[in-house]
Amino acid sequence: MPPRPVTSPPRRITRSSLARFRYGDANSSSSKENATPPPATDIEDVIPNATATRKRKRTTVLEPSSASSPRRATIKTEEEIETKVAVPPASRRQRKPARKTIDADTGEAKVTAPSDWEEMYDAVKAMRAPGGVAANAAVDTMGCERLADPSASPRDRRFQTLVALMLSSQTKDTTNAVAMRRLQAELPPYTPGAPPGLNLENVLAADADVLNELIWAVGFHNNKTRYLKQAAMILRDEWGGDIPPTYEGLVALPGVGPKMAHLCLSAAWDRTEGIGVDVHVHRITNLWGWHGHGRGRATKNPEETRAALQAWLPRDRWREINWLLVGFGQTVCLPVGRRCGDCELGLRGLCRAAERKKVLEGRRIRESTKVEKEVGEKDGAVVKIDEEREEEEIIEKNVAVNEKVESLETELKTSNSLDEKPGPSSEQRETSTGKRRKSKKT
């Protein structure tokens with residue numbers, strides 16, 4: 001039996017033995033197996049930068065033509081230039097509330113208006129205009145300044161405006177309007193023969209139970225009945241039967257606060273000495289961040305809001321802002337269930353308190369409506385063009401029919417004229433026959 005061949009044991013595989021298979025080291029010799037491998041390439045160096053762009057620079061070299069080589073030789077060289085494009089970050093709208101600043105020259109402190117307040121004010125004004133999303137609010141037709149009887153005397157109209165403001169506290173405009181109409185129609189006269197309705201004399205003479213029955217729908221009607229009777233006595237004894245023409249005199253009446261006093265001066269005496277701030281103005285301006293952001297910076301009550309607004313808002317807008325924001329709060333910026341998707345402030349990114357989900361849905365609906373409108377306009381143009389083409393085709397058909405009818409009439413006339421034309425007589429026929437015979441003989 002032949003001897004078994006001697007085989008060497010399998011070689012041990014080590015890192016040094018596998019080094020020759022390393023990427024990029026194909027030209028290395030086997031003698032460098034035990035050498036220390038170079039550091040591996042980082043993956044961030046392998047992946048190209050997404051913001052980098054490569055440009056190729058091409059150059060052309062023209063050689064002079066000769067007899068042996070009449071063609072022009074072109075040599076192209078390419079050079080790669082790497083440039084990085086810096087992408088600017090998206091700019092965010094900075095909303096700054098009203099803040100106190102000190103003039104460096106005079107040292108006087110002044111209040112700077114909130115950022116973008118004019119753009120927001122104009123947007124709300126456009127929404128409150130006829131046809132806007134916030135038009136036709138309850139305050140437009142049933143506000144306190146519109147509830148006085150226009151046929152009454154100026155003194156009675158001022159008194160009715162004051163009563164409407166006193167009843168409006170914690171009461172909706174619709175309910176307040178109903179109570180005012182009942183007072184104007186059902187309040188009994190103070191003496192037989194006097195006109196019934198809402199005036200100072202009838203309120204003084206009316207029994208408290210009757211007055212309370214007429215205004216029972218408003219909030220806190222028991223307290224308001226007592227305030228009306230007490231205020232009527234003060235007007236009779238201290239103001240000659242008319243309402244006070246000053247802010248101090250109005251706030252001294254029972255049941256009349258600062259908001260009512262400022263609104264009464266504006267509506268009854270046409271004098272604007274302050275801003276009438278109710279719950280809508282107080283709530284909405286704080287939602288916008290006009291008085292500060294965060295906890296402890298916003299105004300805590302309507303009186304603080306009034307002082308904050310009067311510090312920077314132009315005086316010519318003091319009377320308008322109440323009507324503007326009350327109607328806006330009744331239709332769009334509701335206390336519960338705000339319509340941020342229909343509000344221009346939310347759609348433009350001006351309102352810091354806008355609900356994002358509603359805003360995105362409103363933008364989507366607006367874009368789809370815009371596309372449908374454009375398609376509708378295009379379809380309308382196409383329909384109009386098609387109608388014009390149909391009219392042209394009808395006119396062409398009518399012209400062709402008329403031409404055909406005219407040609408038929410011409411043919412009929414021609415055939416009729418041929419039928420009516422007299423034929424040759426017998427003598428003429430014989431003469432013509434004889435002439436033909438003679439010509440044949442010759």
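**Close-up views of a predicted model**

**View 1. Glutamate 355 and lysine 358.** Lysine 358 is partly exposed, having a relative accessible area of 30%, and in this predicted model it forms a salt bridge with glutamate 355, in which the closest N and O atoms are 3.3 Å apart. Glutamate 355 is likewise partly exposed, because its relative accessible area is 31%, and partly exposed residues are those that fall between the limits of under 20% for buried and over 50% for exposed.

**View 2. Aspartate 270 and arginine 319.** The closest N and O atoms of the salt bridge between aspartate 270 and arginine 319 are 2.7 Å apart. This pair links distant parts of the chain, since aspartate 270 belongs to the loop between α11 and α12 (279-287), while arginine 319, 49 residues apart from it, belongs to the loop between α13 (302-310) and α14 (320-331). Aspartate 270 has a relative accessibility of 58% and therefore counts as exposed, whereas arginine 319, with 41%, counts as partly exposed.

**View 3. Arginine 128 and aspartate 140.** A salt bridge joins arginine 128 to aspartate 140, with 2.7 Å between the closest N and O atoms. Here, too, distant parts of the chain are linked, with arginine 128 in helix α3 (residues 117-128) and aspartate 140 in helix α4 (residues 138-142), twelve residues apart. Both arginine 128 and aspartate 140 are buried.

**View 4. A salt-bridge network.** Among the 17 salt bridges that the structure holds are those that link Arg155, Asp156 and Glu201 in a network.

**View 5. The largest nonpolar core and leucine 162.** The largest nonpolar core has 36 residues, of which Leu162 and Leu183 touch the most other members. Two or more residues of this core are given by each of the elements α5 (154-167), α6 (173-186), α7 (200-205), α8 (208-214), α9 (221-238), α10 (247-251) and α11 (258-268), and α5 supplies the largest share, seven residues. When its neighbours within four places in sequence are left aside, leucine 162 is in contact with Leu235, Ile243, Leu250, Leu253, Val256 and Cys264. Another core, of 28 residues, lies apart from this one, and its members include Trp288, Leu309, Ile321 and Leu325.

**View 6. Threonine 161 in helix α5.** Threonine 161 lies in helix α5 and is buried, because its relative accessible area is 6%, and buried means under 20%. If residues up to four places away in sequence are not counted, threonine 161 touches Cys144, Ala148 and Ala267.

Definitions and conventions
Residues numbered from 1 in each chain as written. Predicted model: local features only at pLDDT ≥ 70, side-chain atom pairs only at ≥ 80, totals over all residues. Heavy atoms only, no water. Core = buried A, V, L, I, M, F, W, Y, C linked by side-chain atoms within 4.5 Å. Buried < 20%, exposed > 50% of the residue type's maximum accessible area, 1.4 Å probe, protein only. Helix = DSSP H or I, 4+ residues; strand = E, 2+ residues; numbered from the N terminus. Contact = heavy atoms within 4.5 Å. Salt bridge = Lys/Arg side-chain N within 4 Å of Asp/Glu carboxyl O.
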